[in-house]
Protein chains: 2
Amino acid sequence: RPGRVPRPAMANEAGISQEVVVESAPASLLRGLGDSDGGMKAKFEKMIRSGQDEICAAVEALDGAKFREDSWTREGGGGGISRVLQDGNVWEKAGCSVSVVYGTMPPEAYRVATGATDNGKSGGEGRVPFFAAGISSVMHPRNPFAPTMHFNYRYFETEPWGDFPAQWWFGGGTDITPSYIDAEDLAHFHGTYKRVCDAHDPEFHPRFKKWCDEYFEIKHRGERRGLGGIFFDDLNDRDPELLFDFAKDCVAHVVPAYLPLVEKHKGDAFTEAQKEWQQLRRGRYVEFNLVYDRGTTFGLKTAGRIESILMSLPLTARWEYCNEPEAGSPEADLLDACRNPREWV
Amino acid sequence: RPGRVPRPAMANEAGISQEVVVESAPASLLRGLGDSDGGMKAKFEKMIRSGQDEICAAVEALDGAKFREDSWTREGGGGGISRVLQDGNVWEKAGCSVSVVYGTMPPEAYRVATGATDNGKSGGEGRVPFFAAGISSVMHPRNPFAPTMHFNYRYFETEPWGDFPAQWWFGGGTDITPSYIDAEDLAHFHGTYKRVCDAHDPEFHPRFKKWCDEYFEIKHRGERRGLGGIFFDDLNDRDPELLFDFAKDCVAHVVPAYLPLVEKHKGDAFTEAQKEWQQLRRGRYVEFNLVYDRGTTFGLKTAGRIESILMSLPLTARWEYCNEPEAGSPEADLLDACRNPREWV
């Protein structure tokens with residue numbers, strides 16, 4: 001595959017070199033990167049890679065089909081492992097990837113990312129070197145009663161720049177996008193992440209639940225793409241070890257929070273109209289990801305590996321003109337919950 | 001319908017008031033707007049409205065199904081007529097709308113739109129009043145051998161602002177998005193618009209054909225969404241009457257340039273794999289429109305009537321991970337032409 005696809009003109013703007021497909025994933029994607037941060041880079045990579053293995057194994061066991069794996073590295077350092085299960089028995093499309101990226105970001109991006117505008121400090125010359133590692137996943141089941149689920153956990157570092165010291169932060173979240181409301185499912189999913197949050201800080205869940213409802217808004221529609229979960233970003237307000245443990249715990253709870261819901265609904269009977277409603281909601285998912293999602297829009301602008309960035313998109317989606325569900329229907333109830341976020345636990 | 005959909009928070013940012021659905025379209029959407037420009041506003045509205053009538057009548061005659069019409073006005077002035085034929089016999093979704101919008105734009109948008117940065121002139125205080133009228137259409141046929149077609153013609157005015165005088169310009173274009181190359185079809189479509197251009201200025205076609213190939217690039221993929229046509233913007237380099245005549249001629253040639261292609265292919269036999277390829281190309285169409293198209297992204301940001309803005313999206317679309325057509329196949333040929341624009345006449 002390398003060399004067959006033209007490299008978009010903007011691909012070098014982020015100082016990220018072209019990816020090269022490799023036979024199999026190396027033991028570490030860090031490739032000799034320094035450990036000035038006490039090993040967090042290596043530790044985070046290890047955590048997301050074993051998370052990817054465990055989650056993919058659980059999904060394969062439920063689906064019966066296997067993930068395809070593509071590994072790639074970059075000359076400048078870093079790389080990734082993309083895994084996609086397409087046209088499965090239970091999932092239409094399920095992707096779960098890890099990546100490690102080094103590059104340089106323009107000062108404006110740095111300022112936005114770190115809030116580096118305060119106290120009269122000024123930045124240095126030129127671009128700011130950064131490191132980012134993350135695990136990212138979206139799973140779209142076939143059955144309209146089985147919800148779509150997304151999660152992403154990432155660790156970010158920037159090098160010292162002008163008057164600003166080196167910075168680091170964690171970000172991530174897990175959220176759910178059903179086409180139909182099943183209150184029991186939602187209590188299970190949100191309850192699982194509430195328990196995870198509460199074990200680390202009782203303030204986490206209310207704060208991250210609200211952040212999630214705000215982040216996933218499709219602003220031009222005044223509705224969320226789904227029914228939330230947790231979301232956080234720029235988190236660096238305590239010992240990085242504590243935040244690492246929290247992120248690790250979140251990754252470890254993807255399977256118990258989500259898979260029972262798919263197991264429960266994978267064989268549900270459904271009508272053509274219910275399938276079309278699911279497809280319409282998938283259209284909303286596409287709208288959110290292409291227009292608002294930070295990871296996707298950043299990836300498109302920096303011309304990362306496009307197939308990995310867009311593997312979050314559903315296999316199929318639908319847009320009907322002026323579709324408005326009948327008042328009092330289950331479809332209208334879902335839409336109302338997307339417009340007015342609710343408490344589920 | 002009015003009042004049922006929550007108005008997105010950002011809806012007032014463009015100084016555009018909420019649309020109100022009306023029983024039927026008023027004779028003019030201008031509603032007493034002044035005629036300081038020698039009647040161009042009224043003349044342009046008349047042209048796009050009769051263009052809409054003619055094109056919709058021709059499409060209905062070929063399809064057998066009827067367009068649904070929604071008319072709306074705004075308290076502050078302006079309004080629109082949206083027509084959509086969904087789930088037709090020949091077209092999956094065909095939309096053709098006219099709109100007249102008045103509002104105010106922020107200085108930055110004005111500078112981008114008019115290039116108002118030169119000669120040491122400075123702008124005035126606050127926002128800049130503008131007027132925009134246009135016709136816009138996208139038609140997605142069912143048969144994978146019948147191409148999708150888009151056109152849009154618009155007239156724009158801004159009021160005097162600081163040191164800058166009142167400004168006006170024309171923009172627009174017609175372009176085609178086949179899933180399979182039929183050289184005869186492409187010679188007919190591009191040839192028709194070449195003749196239209198040549199009748200007005202022999203420099204128009206080479207310039208607007210190239211502009212079209214550049215404009216419709218999906219930058220993150222290094223490929224165009226389709227096989228081009230003509231595109232122009234900010235055109236004000238001659239008597240507005242001459243540019244009006246050109247725009248009118250372009251609208252008048254939508255039917256002869258496009259409908260014969262659909263007539264020819266509407267009954268072609270096709271396989272499931274060919275239908276899936278069409279759906280993948282529709283996915284690319286969605287990517288372009290949501291990420292790059294100026295009209296769509298402007299509309300989403302200013303919270304115009306969302307159903308009208310997004311009626312350009314196909315009824316259904318598809319995203320497969322790492323789809324790459326077999327070398328030498330008709331699908332690979334189409335993709336190559338999207339990556340490396342060709343001459344068709």
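How many residue pairs are in polar contact across the interface of chain B and chain A? The rule finds 13, counting pairs with both residues at pLDDT 80 or more. This is a predicted model.

**Where the two chains meet**

- On the chain B side, 40 residues are in contact with chain A, and 40 residues of chain A take part in turn.
- Together the two chains bury about 3,800 Å². Carbon and sulfur atoms account for 60% of that area.
- Three residues stand out on chain B: B:His220, B:Trp319 and B:Tyr321. They supply 22% of the area that chain B buries against chain A, more than any other three residues.
- There are 2 salt bridges between chain B and chain A.
- A salt bridge links the side chains of A:Glu307 and B:Arg221, with an N to O distance of 3.6 Å.
- By residue type, the side of chain B that touches chain A holds 21 nonpolar, 5 polar and 14 charged residues.

- Strand S11 (residues 316-318) of chain A is joined to S11(B) by 3 bridges. The two strands run antiparallel.
- A:Thr316 has B:Arg318 in S11(B) as its bridge partner.

**Salt bridges within a chain**

- Over all chains, the structure holds 66 salt bridges.
- Side chains of opposite charge can pair when their charged atoms come close.
- A:Arg49 and A:Glu45 form one salt bridge, with their closest N and O atoms 3.0 Å apart. These residues are 4 apart in helix H1 (residues 40-63) of chain A, so about one helical turn separates them. Both A:Arg49 and A:Glu45 are buried.
- A:Glu276 and A:Arg318 form another, with the closest N and O atoms 3.6 Å apart. A:Glu276 lies in helix H7 of chain A and A:Arg318 in strand S11 of chain A, so the pair ties together parts that are 42 residues apart in sequence.
- Are A:Glu276 and A:Arg318 buried or partly exposed? A:Glu276 is partly exposed, with a relative accessible area of 28%. A:Arg318 is buried, at 9%.
- In chain B, the side chains of B:Glu92 and B:Arg282 meet at 3.3 Å, N to O, in a salt bridge. B:Glu92 sits in strand S4 (residues 91-105) of chain B and B:Arg282 in helix H7 of chain B, so the pair ties together parts that are 190 residues apart in sequence. Both B:Glu92 and B:Arg282 are buried.
- Salt bridges also link A:Glu223, A:Arg281, A:Arg284, A:Glu324 and A:Arg339 in a network.

**Helix H8 of chain B**

- Which residues of helix H8 (residues 294-302) of chain B are buried? They are B:Thr296, B:Thr297, B:Gly299, B:Leu300 and B:Thr302.
- The cover over these buried residues of H8(B) includes helix H7 (272-291) of chain A, along with H7 and H9 of chain B.
- At the start of H8(B), a side-chain oxygen of B:Asp293 comes to within 3.4 Å of the backbone nitrogen of B:Gly295.

- S3(B) is mostly covered, with 8 of its 9 residues buried.
- S2(B) and S3(B) pair antiparallel over 6 bridges. In this pair, B:Glu69 stands opposite B:Arg83 in S3(B).
- S2(B) and S3(B) form a hairpin with 3 residues between them. B:Gly77, in the turn, has a positive phi of about 120°.
- S3(B) is also joined to S4(B), by 9 bridges, and these strands run antiparallel. Here B:Gly78 stands opposite B:Val101 in S4(B).
- The hairpin of S3(B) and S4(B) has 4 residues between the strands. In this hairpin B:Asp87 takes a positive phi near 60°.

Notes
Residues numbered from 1 in each chain as written. Chains lettered and ligands numbered in written order. Predicted model: local features only at pLDDT ≥ 70, side-chain atom pairs only at ≥ 80, totals over all residues. Heavy atoms only, no water. Contact = heavy atoms within 4.5 Å. Buried area = accessible area lost by both parts, 1.4 Å probe. Salt bridge = Lys/Arg side-chain N within 4 Å of Asp/Glu carboxyl O. Polar contact = N/O pair within 3.5 Å; in protein donor to acceptor, adjacent residues only side chain to side chain. Nonpolar A, V, L, I, M, F, W, Y, C, P; charged D, E, K, R; others polar. Pairing = 2+ DSSP bridges. Buried < 20%, exposed > 50% of the residue type's maximum accessible area, 1.4 Å probe, protein only.
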